[in-house]
Amino acid sequence: MSTTRTAPAAAGRALDARVPALERIPGWVLITISLAALVGIWQLVVSAGLVSEFVLPTPGDTASALVDLSKDLASGGQAWDNFLVTVQETLVGLLLAAVIGVALGVVIAETVFGRKVIQPLMIALYAAPKVALAPLFVTWFGFGLTPKVVMAATIAFFPVMVDTAAGLAGVDEDQDKLFLVTKANRVQRFWKLKLPTALPFIFAGLKSAAVLSIIGAIVAEFMGGGEGLGVMVKTASVSFALDRVFALIVLLSVLAFLIYLAVDLVERKVVHWRASGFLPAES
Amino acid sequence: MISETTDVPAVLVQDLVRTFTSRGQTVHALGPVSLEVRRGEFIALLGPSGCGKTTLLNVVAGLLAPTSGIVEANGHSVVGVPDDVGMMFQKAVMLPWRTIVENVLLPIEIAEGKRAARAATQRAIQLLEMVGLGGFADRMPNELSGGMQQRAAICRMLIRDPELLLLDEPFGALDEFTREYMNVELLKITATLGSTALFVTHSITEAVFMADRVVVMSARPGRIAGIVDVELPSDRDAEIVTSEQFQTYVRRARDLLKVGHDQAAGVPTVKGASR
């Protein structure tokens, strides 16, 4: 009796043994070890004098620059003001990108004019390096928030538009047939079938847009100046305070990640029937 | 809804032909087929895959136009989807963003608006109770098994009291046990409501079990190889399958299928002639 009971357990262990060692270590441990190794190599490269400290600050310098930056942020100083400016540009840009992207996606998917005229034009515009528009926007809109917001929206609306159009076109054949049999009209088909089908796609586009809009805002800040974290990066860079540049890049990455997570959170609320997104869903 | 004299057939199909054209090639899928379905009759369309039985169903549903021939429902030519048709597909086709009861109410919401749908909630819940899903009205479809979703699909089909039920292998995706159970349930429901039904299947026993008449179709181009009149009591249960009488009908349907197959394959139907 006892042998028959232990046999499956032994078989289970044998199966376990075939799982690669890395597979059995939790992801966060691996990430921590990898990051530590990377920082270690970084420190070694600088300490060994392979790269001048003037060109590449040590991890220690970067960390203390990051601490200084955090203090500045927390005390509501100059960094905080610049931070708020960039956040504002990015969020308004993202909002504009969402509205324009969804609207154009709907027009492309739902109208002949959209499919035949707007879509090819947009693909041509997609191929153009939009970053090159930044100086133009500065000339047109000056040095305030406007050129940054416009740049952010210009870069970010493309994935929203493309994914919206693709999502609206990707209706399940059987569900389509169900709506035909229930004699739904065009408007009903759009609101009750196509749009819910497209929502997960739209959010995939919005997540790309979240990351792109911060890029747009920073690029425009590089060109146009004024205020913002991009301006701070540029200032620190020309004064060779590279530890500060690194610290600002870390801050920008965290900001981008937080905006991404916020979109992901909204997606979980809106597309509640579908487990997707960046964070693993509870099963 | 519209009162008709009883001698008008629920469905009339006359010399129906349907062809499909793709990449310049014309495929003769169906016909010519003629069929008359009486009011309250349960018809099974039986045939091998690709025999055009689903095509026939889709033409009656108004989803496909006939290439030639006449199709009438309640004495009116079928142009587009007729009113009071309820349809079921092989899959349950639940909208995953709606609760079960919202899915059941979808046909009302589309035909009469949200307010009418809300007003019909009680009726939807009654239907769900009838198929044993009373406690699942507010669940999401992905919380239910395939069989439970298909039961909800029955409710959705029935919510507007359709006169004609079109069923395209409705339980084909379910396991044998669930399928048998669902057939018994569906038969009870249609008997109670006196609905007219066209039921597509490729299972001989299922066809005989469900139908008043089994229309046996031959392989492409789909034609009617013969019709088996099933004279079994309308309150059938699973045990009837073992009865002598049931087996006789099954054999008859099987013979007709064979004839249809040989004809389509160009084999002479005289027994032994080819061997």
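Domain bounds here come from an automatic or database domain assignment. On that basis, chain A is divided into domain 1 (2–47) and domain 2 (59–270). Their centres, taken over C-alpha atoms, are separated by 37 Å.

A word on the source. This is a predicted model: local features need pLDDT of at least 70, side-chain atom pairs count only at pLDDT 80 or more, and totals for chains, interfaces and linings use all residues. Residues are numbered from 1 along each chain as its sequence is written, and chains are lettered from A in the order in which they are written.

Now the helices of chain A. Helices are DSSP runs of H or I with at least four residues, strands are runs of E with at least two, and both are numbered from the N terminus.

Take α5(A), residues 112–127. This helix has 16 residues and reaches 23 Å from first C-alpha to last, close to the 22 Å expected at 1.5 Å a residue. The expected span is 1.5 Å times one less than the number of residues. At Ile118(A), α5(A) bends by about 35°, and Pro120(A) follows within four residues. That bend is the angle between axes fitted to the seven residues ending there and the seven starting there.

How many residues of α5(A) are buried? The count is 0 among its 16 residues. Buried means 20 or more other C-beta atoms within 10 Å of the residue's own, with C-beta atoms placed from the backbone.

Turn to α11(A), residues 242–270. Its 29 residues reach 42 Å, close to the 42 Å expected. Its buried residues include Phe246(A), Leu251(A), Ile259(A) and Val263(A). Asp243(A), Arg244(A) and Glu267(A) are also among them. What covers the buried residues of α11(A) includes α3, α4, α9 and α10 of chain A.

Next, the interface. 12 residues of chain A are in contact with 17 residues of chain B. Contact means C-beta atoms, placed from the backbone, within 7 Å. On the chain A side, α8 (173–181) and α9 (186–224) each supply at least two residues. The largest share, 6 residues, comes from α8(A).

Last, chain B. 4 strands form an open sheet, ordered β2-β1-β4-β5, with antiparallel pairing. Strands pair if DSSP finds at least two bridges between them. β2(B) and β5(B) stand at the edges with a single partner strand each, so one side of each is left without a neighbour in the sheet. β4(B), residues 68–73, pairs with β5(B) over 2 bridges. In β5(B), His76(B) is the bridge partner of Ala73(B).

Definitions and conventions. Two residues are in contact if their C-beta atoms, placed from the backbone, lie within 7 Å. A residue is buried if 20 or more other C-beta atoms lie within 10 Å of its own, exposed if 12 or fewer, and partly exposed in between; C-beta atoms are placed from the backbone.
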